[in-house]
Amino acid sequence: MTKVIAVFGATGAQGGGVANALLEDTDFEVRVVTRNASSDEARALQERGADVVQANYDDPGTLGPAMQGAYGAFVVINYWEHRDFHRAVMQGKAVADAAKSADVQHVVFSTLEHVQKIAGFPCQHFDSKALVDEYMTSLNLPVTFVKYPFFYENYLKARKILKLEDGTYEIGYPMEGASLDGGSVADLGFAIRAIFKNRGQWLRRSVGFSADKLTIQQHAEILSKHLAPKVFKATEMTAEQFCKLGFPGAEDLGNGFKFCRIHASARSDAQKRR
């Protein structure tokens, strides 16, 4: 008997990777949960066999029906959509309450570390997820927590590569020589599928994903090799300098890079490959 998985954020990066992996497996039926059921992304998933339902994190009354009858749910909260810490936490709590009420058997929640608690400085896009993580635990929700790494796809979307006057390209991630866990967000959907397939093994565990742990200079060398004659190099900017760039979210991003530099990662390439 196939299992219905409600996938939140299926028209985005993380949820899209999960939906894609589940759609390739006949053990699952995918229920795409989106604010806009008529979007091109939602329609494309529907054409591949997904059921599409409309719901909104900010309207808790829509969340329960979206998960009714579902065996599992993949949940991701997008802080960057609004950069409102309180709103992100409330959105996550609303989904948790709805999953509990709908008697979902296995929730997989995309969380991150509690930077304020661990390192003593705020990082709202991490900390908001961590507070939802704690709330889900307090509800005794049947949940697996997953921590994604840096997405390689960010190079295509985040536009942190700058062409310099000398014709070289600078990668603007201020890791100050430290290594950073990375992976393809598309590939990681298949790891999430494995967790849904093996509930007993992964229930109430926290799983950190990594494909490679490389410095930004190593990223630059790989890009230089494959995109020759273009030459890439890592920025010399510090995380503190990045925080002061002044664009919306700069301080929070900078604190995220600072945390990743100074804190030992809980992510594992061996676990991800498994």
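The buried residues of helix α4 make contact with β1 (3-8), α3 (63-67), β4 (72-75), β5 (106-111) and α6 (124-138). Please keep in mind that this is a predicted model.

Which residues of α4 are buried? They are A88, V89, Q91, G92, A94, V95, A96, A98 and A99. In general, an α-helix has 3.6 residues a turn, so residues three or four places apart point the same way.

Next, the length of this helix. Helix α4 covers residues 85-101, and at 1.5 Å a residue its 17 residues should span 24 Å; the C-alpha atoms at its ends are 25 Å apart, which agrees.

Let us consider the two ends. The N-terminal end of α4 is capped by D84, from which a side-chain oxygen lies 3.2 Å from the backbone nitrogen of H86. Just after the helix comes D103, with a positive phi of about 60°.

I now turn to the sheet. Three strands form an open sheet in the order β8-β9-β13, and their pairing is mixed. Because β8 (161-163) and β13 (232-234) are edge strands, each with a single partner strand, one side of each has no neighbour in the sheet. On average, neighbouring strands here are turned by 30° against each other, direction ignored.

How many bridges join β9 to β13? There are three, and the two strands run parallel, with β9 comprising residues 169-171. Within β13, A234 is the bridge partner of I171.

Finally, helix α10, residues 216-226, lies across β8, β9 and β13, and runs at about 180° to β13.

Key:
Residues are numbered from 1 along each chain as its sequence is written. This is a predicted model: local features need pLDDT of at least 70, side-chain atom pairs count only at pLDDT 80 or more; totals for chains, interfaces and linings use all residues. Side-chain values use heavy atoms; hydrogens and water are left out. Helices (H or I, at least four residues) and strands (E, at least two) are DSSP runs, numbered from the N terminus. The expected span of a helix is 1.5 Å times one less than its number of residues. Buried means under 20% relative accessible area, exposed over 50%, partly exposed in between (1.4 Å probe, protein chains only). Contact means heavy atoms within 4.5 Å. A polar contact is a pair of N or O atoms within 3.5 Å; within protein, one must be able to donate a hydrogen and the other to accept it, and residues adjacent in sequence count only if both atoms are side-chain atoms. Two strands pair if DSSP finds at least two bridges between them. Axes are lines fitted to C-alpha atoms, for helices over the stretch in contact, and angles run from 0 to 180 degrees between N-to-C directions.
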